[in-house]
Amino acid sequence: MNAPALEARNVSHCYGARKALDDVSFSVGRGKFCVLLGLNGAGKSTLFSLVTRLFALRQGSLAVLGCDLQREPRKALEQLGVVFQSRTLDLDLSVAQNFYYHAALHGIGKARANARTEELLNAVQLADRAGEKVRNLSGGQMRRVEIARALLHKPRLLVLDEPTVGLDIGARADILKLVRGLIASEGMSVLWATHLTDEIAGTDDVIALHKGKVRASGAVTTLLEQTGASDIKQAFMLLIDEEALA
Ligand SMILES: Nc1ncnc2c1ncn2[C@@H]1O[C@H](COP(=O)(O)OP(=O)(O)OP(=O)(O)O)[C@@H](O)[C@H]1O
């Protein structure tokens with residue numbers, strides 16, 4: 001059975017009286033680069049917290065590659081790689097030590113951790129920095145390390161919450177290229193949260209999230225047809241029905 005990489009069904013989440021997600025349903029197709037597009041406060045981070053089980057899911061269901069997060073949490077999380085919005089590297093450890101620590105958390109043995117660390121640092125072109133303290137790296141290099149580290153246990157779905165925040169144009173382009181390349185090389189699916197429409201390619205899928213609701217989802221071409229817009233930025237503006245988009 002070919003279940004989607006991620007499937008959300010009727011997911012809602014409240015913080016007290018505030019509804020951050022309101023009956024959210026979508027799916028991320030296998031092998032897809034899917035952009036979760038939303039302005040500040042749309043509910044992107046809340047959705048990430050539910051997908052990673054940081055928050056308990058109280059309404060609706062989430063499944064990773066067909067594994068229900070509530071019923072089979074371990075199996076579902078094994079297939080998931082996560083890059084959070086805020087950095088989670090230990091700055092005073094070396095790049096490789098950060099990998100080994102993460103590998104231990106995932107129960108990956110030393111030999112496999114060594115081999116995989118070397119392979120992944122090569123993939124993100126940072127093999128020559130393996131022994132260096134993370135503190136000495138640039139913001140873009142740290143992001144590359146975090147993305148590579150998230151792949152240690154060979155997840156089949158990688159979710160990233162605004163991974164390019166604070167990076168310059170060059171570093172942003174590098175990260176995007178890297179993650180798009182991983183879809184091919186690691187055979188993965190990606191859910192990429194952002195508020196930046198210029199990070200979207202014509203071949204991507206998009207979930208337009210606004211004020212906790214999915215306004216539309218599907219291929220870029222479908223959203224353009226649906227809205228009659230000439231580009232995805234205009235389509236998003238029409239979908240959220242607001243005049244200004246930063
Ligand atoms: N811990 C919390 N307590 C109360 N309200 C919260 C909490 N976290 C988020 N919210 C509210 O929930 C809504 C969705 O926030 P969320 O952080 O999920 O959005 P976002 O799309 O990730 O925004 P950003 O791009 O700014 O990170 C907002 O109205 C926010 O104020």
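This is a predicted model: local features need pLDDT of at least 70, side-chain atom pairs count only at pLDDT 80 or more; totals for chains, interfaces and linings use all residues.
Which residues surround the ligand? Select Tyr15, Arg18, Ala20, Gly38, Asn40, Gly41, Ala42, Gly43, Lys44, Ser45, Thr46 and His195.

Residues are numbered from 1 along each chain as its sequence is written.

**Stop 1: the ligand shell**

Keep the shell selected and colour it by class. It holds three nonpolar, seven polar and two charged residues. Here Ala, Val, Leu, Ile, Met, Phe, Trp, Tyr, Cys and Pro count as nonpolar, Asp, Glu, Lys and Arg as charged, and the others, Gly among them, as polar. Now show the cartoon. Strand 2 (18-28) and helix 1 (44-51) each supply at least two shell residues. Helix 1 gives the most, with three. Helices (H or I, at least four residues) and strands (E, at least two) are DSSP runs, numbered from the N terminus.

**Stop 2**

Follow strand 2 into its sheet. Four strands form an open sheet in the order 2-1-4-5, with antiparallel pairing. Two strands pair if DSSP finds at least two bridges between them. Strand 2 and strand 5 (67-68) are the edges, each pairing on one side only. Select strand 1 (residues 6-15) next. Seven antiparallel bridges join strand 1 to strand 2. Pick Ala8 and look across: its bridge partner in strand 2 is Phe26.

Bring helix 1 back. It lies across strand 1, strand 2 and strand 4 (59-64), running at about 65° to strand 2. Axes are lines fitted to C-alpha atoms, for helices over the stretch in contact, and angles run from 0 to 180 degrees between N-to-C directions. Residues are in contact if their C-beta atoms, placed from the backbone, lie within 7 Å.

**Stop 3**

Which strand order does the six-stranded sheet have? This open sheet runs 6-7-8-3-9-10, with mixed pairing. Its edges are strand 6 (80-83) and strand 10 (213-219), and each pairs on one side only. Neighbouring strands are turned by 15° against each other on average, direction ignored. Helix 1 packs on this sheet too, touching strand 3 (33-37), strand 7, strand 8 (189-194) and strand 9 (205-210). The direction of helix 1 makes about 145° with that of strand 7.

Strand 6 and strand 7 (residues 157-161) pair in the parallel sense over four bridges. Leu80 stands opposite Leu157 in strand 7. Then select helix 8 (residues 232-240). It lies across strand 3, strand 9 and strand 10, at about 35° to strand 9.

**Stop 4: helix 7 on helix 8**

Angles under 35 degrees count as roughly parallel, over 145 as roughly antiparallel, 65 to 115 as roughly perpendicular and the rest as oblique. The crossing is left-handed. That term applies if the near helix is turned anticlockwise from the far one by less than a right angle, and right-handed if clockwise. Show side chains: Val220, Leu223, Leu224 and Thr227 in helix 7 meet Ile232, Ala235, Leu238 and Leu239 in helix 8. This contact has seven nonpolar residues, one polar and no charged.

**Stop 5: helix 3 on helix 4**

Select helix 3 (residues 95-105) and helix 4 (residues 110-123). They pack at about 130°, with axes 10 Å apart. Helix 3 passes helix 4 in a right-handed crossing. Val95, Ala96, Phe99, Tyr100 and Ala103 in helix 3 meet Ala113, Thr117 and Leu121 in helix 4. Seven of these contact residues are nonpolar, one is polar and none is charged.

**Stop 6: helix 5 on helix 6**

Finish with helix 5 (residues 139-150) and helix 6 (residues 169-185). Their angle is about 15° and their axes are 9 Å apart. Helix 5 and helix 6 are therefore roughly parallel to each other. Gly139, Gly140, Arg143, Arg144 and Ile147 in helix 5 meet Ala171, Asp174, Ile175, Leu178 and Val179 in helix 6. The contact has five nonpolar, two polar and three charged residues.

Note on methods: A residue is near a molecule or strand if its C-beta atom, placed from the backbone, lies within 6 Å of it. Two residues are in contact if their C-beta atoms, placed from the backbone, lie within 7 Å.
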